[in-house]
Amino acid sequence: MDAPMIDVRHVSRHYLRGGDDVHALDDVSLSIPAGKFVALMGPSGSGKSTLLNLISGIDRPSSGEVIVSGQALPDLSEDELARWRARHVGLIFQFFNLIPVLSALENVALPLLLTDLGKAERRERAETALRVVGLEDRLDHFPATMSGGEQQRVAIARAIVTDPDLIVADEPTGDLDAKNAEAILDLLRTLKKGFGKTVVMVTHDPRALRFVDDAHHLDKGLLLDDDAAERASAALHASMGPGPRTTEVEP
Amino acid sequence: MSYTRLVVANLLRNKLRTAFTAGAITLAVVLVCLLLTMPAALDRLLESAASDVRISVHHKAGLVYSMPESFARKVRAVDGVEAAAGMVWYGGAFEESGKVTFPNFAVEAEHIEAVYPDYPIKPEELADFVKYRDGALVGRQVMDKYDWKVGERVSLTSTIWPANLDFRIVGVVEDPQAPLFWFNRKYLDQALESQFGQGLGIMGTIWVRASDPSMVGSIMQTIDDMSRNSEAETASETEKSYFANFFGSLQGFIRIILLVTGLVTLCIIFIAANTASMNVRERSGEIAVLKAIGFARRSIFGALFGEVVLISSLAGLLGLLLSIGLTTSLRNFAGNDGLGPMSGFILTGPVVVQGLFLSLFIGMLAGVVPSIGAARKPVAVALREIF
Ligand SMILES: Nc1ncnc2c1ncn2[C@@H]1O[C@H](COP(=O)(O)OP(=O)(O)O)[C@@H](O)[C@H]1O
Ligand SMILES: [Mg+2]
């Protein structure tokens, strides 16, 4: 078996906050194979975003190793990291943060400014990316004229336009209604299935479990083992489930 | 999609705010350009008040000392001298005894026309002035003050000479600025001669007209050299410098202008910087995402900084065009003769260049701090601030 796409080894991330040492992540080890769609789950403040930022080279660990497609990220300088992200990672956020004065096509083409592609090719690629997310007829629309689901799809097109190996998404459905959320989850799965991308997604949403290959659970900066994760997942389902469960027995 | 498109799109994002900021910069450039033309305008004012070919020659020790009468003849012989007219202070008082209420001089009447061809005097009145021994040329100001008419007779009591004279007003110098009363030197000379057997014999000030402005320097040099080591050494100065004293310290005035210019600039820099930081704050979400996507600090800085510099240079350009239009119409308004203080508002090349640099300078100073701040913020911090 090849080296995993993502290899996180004994990673900690501490913040100093008003004299306190906040352990956002504590000795987390995790590996994610290429071509998988993986969810990071856990309550608010459990360190999901922190872990995702380390994987995508947005932040650096206080200690430990983060290796993505064979590149040890902490070794890179700030500008090298930026260049690495531009080439290897597609980022999707909860809030779409499209540039309101640029059209959908222009928003999607933005990351291509960092490549040495010519103008015509940049346009062609942006069109392709918008076609993948099903917005080929909205190229010249501005963000304000689009629904939240459409804006998120533009953001996804922006994330895939450079054809990165890794796509990371931080609560991409957090700001969407159920129908749009499902569409986005489906789209992310298509990116994995149809285009062979590795997708790592932070989410609260138990519905996501139907779409992903694997889910990792975090709590208070710790990665839960499989048993604990099972229970956490069950609890999550229970809280969202269709009716009262009569057989549930608490240990 | 290009960087330029991004910068321009950002500029048009909040059109009203952009317009206000641009307007402030435009006005500042107009104001500064007009202020910078002021020293030149003052200079023009002096030049229009004073002829650049007229020289005053007087005793080195001051205006109350005199030179020998014959010196006027010697001056007329100097190379480049077109004409010269000697004057003697009469110190005549009208009615109120002992009080001189306007300057009055005994002048070489036959030389007045040649020395003052630019003075508004009617030719026939000038001819009468030379013709009638007791004729007097009086400035408009004095005429109006005493409600005199041409042809009227007036008498002055001298506070200096033992000769009180009656004059016939033969003409008016139509210059509202100059309080003046000129009469024929020969009249005073003969009055003294007949009473005491001895004429005037002296000259107070000799006004010289050079044939060409380029001769002025050498004429002054020659005249002062001629009188050196004589009993009456002279000091020559141009009419312009003679008048410049009335305007006091021009330097101080220019310094105030420059100070105001500096303060205006500073004020506009603060306004533009405020707009720039407001823009950066408003777009913190997008900026964070751009960074996360992989835009390096340099690109983020470039896009924000470029935006501020672009708007300020465009506004500066507009300000320059407005200034040029304004100064041109001021000059047209001042009339075709090109005289008067308004005609001095000429936007010279250096002022235009300074205006352009000023707007660039405003943009760079206003843009640098917010842009660096946005560019330097670590991407993880920027992202956390928005989510
Ligand atoms: N820059 C920071 N400074 C201080 N504390 C931080 C910072 N970033 C994250 N934290 C803390 O780390 C913990 C984990 O945060 P985060 O990874 O955002 O959680 P999640 O995404 O699971 O909600 C939280 O307690 C948060 O307050
Ligand atoms: Mg989070």
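A residue counts as near a molecule if one of its heavy atoms lies within 4 Å of it. The legends below describe close-up views of a predicted model.

**View 1. Ligand 1 lies between chains A and B.** The residues around ligand 1 include a run in chain A made up of A:P43, A:S44, A:G45, A:S46, A:G47, A:K48, A:S49 and A:T50. Also around the ligand are A:Y15, A:R17 and A:A24, and chain B is represented by B:R384.

**View 2. Polar atoms of both chains approach oxygen atoms of ligand 1.** From chain A, a polar atom in the side chain of A:R17 is 2.9 Å from an oxygen atom of the ligand. A:S46 takes part through its backbone, where a polar atom is 3.2 Å from a ligand oxygen. From chain B, an N or O atom in the side chain of B:R384 lies 2.6 Å from an oxygen atom of ligand 1. Taken on its own, ligand 1 has 560 Å² of accessible area, and the protein covers 78% of this.

**View 3. Chain A meets chain B through 27 residues, which are in contact with 25 residues of chain B.** The size of an interface is often given as the accessible area lost when the parts come together. Here the two chains bury about 2,500 Å² between them, with 67% of that area on carbon and sulfur atoms. On the side of chain A, the residues that lose the most area to chain B are A:N97, A:V101 and A:L113, which together account for 20% of what that side buries.

**View 4. Salt bridges and polar contacts link chain A and chain B.** There are 2 salt bridges between these chains. In one of them, the side chain of A:E106 meets that of B:R5, with an N to O distance of 2.5 Å. The count of residue pairs in polar contact between chain A and chain B, both at pLDDT 80 or more, is 4. Four helices of chain A each give two or more residues to the side that touches chain B: α1 (48-55), α2 (78-88), α3 (104-109) and α4 (119-132). Of these, α2(A) gives the most, with 5 residues. By class, this side of chain A has 16 nonpolar, 8 charged and 3 polar residues.

**View 5. A salt bridge within chain A joins A:K192 and A:D213.** Their side chains meet at 3.0 Å, N to O. A:K192 belongs to helix α6 (residues 178-195), whereas A:D213 is in the loop between β8 (198-202) and β9 (214-219), so the pair ties together parts of chain A that are 21 residues apart in sequence. Over all chains, the whole structure has 27 salt bridges.

Conventions:
Residues numbered from 1 in each chain as written. Chains lettered and ligands numbered in written order. Predicted model: local features only at pLDDT ≥ 70, side-chain atom pairs only at ≥ 80, totals over all residues. Heavy atoms only, no water. Contact = heavy atoms within 4.5 Å. Buried area = accessible area lost by both parts, 1.4 Å probe. Salt bridge = Lys/Arg side-chain N within 4 Å of Asp/Glu carboxyl O. Polar contact = N/O pair within 3.5 Å; in protein donor to acceptor, adjacent residues only side chain to side chain. Nonpolar A, V, L, I, M, F, W, Y, C, P; charged D, E, K, R; others polar. Areas by Shrake-Rupley, 256 points an atom, 1.4 Å probe, with all protein chains shown as cover.
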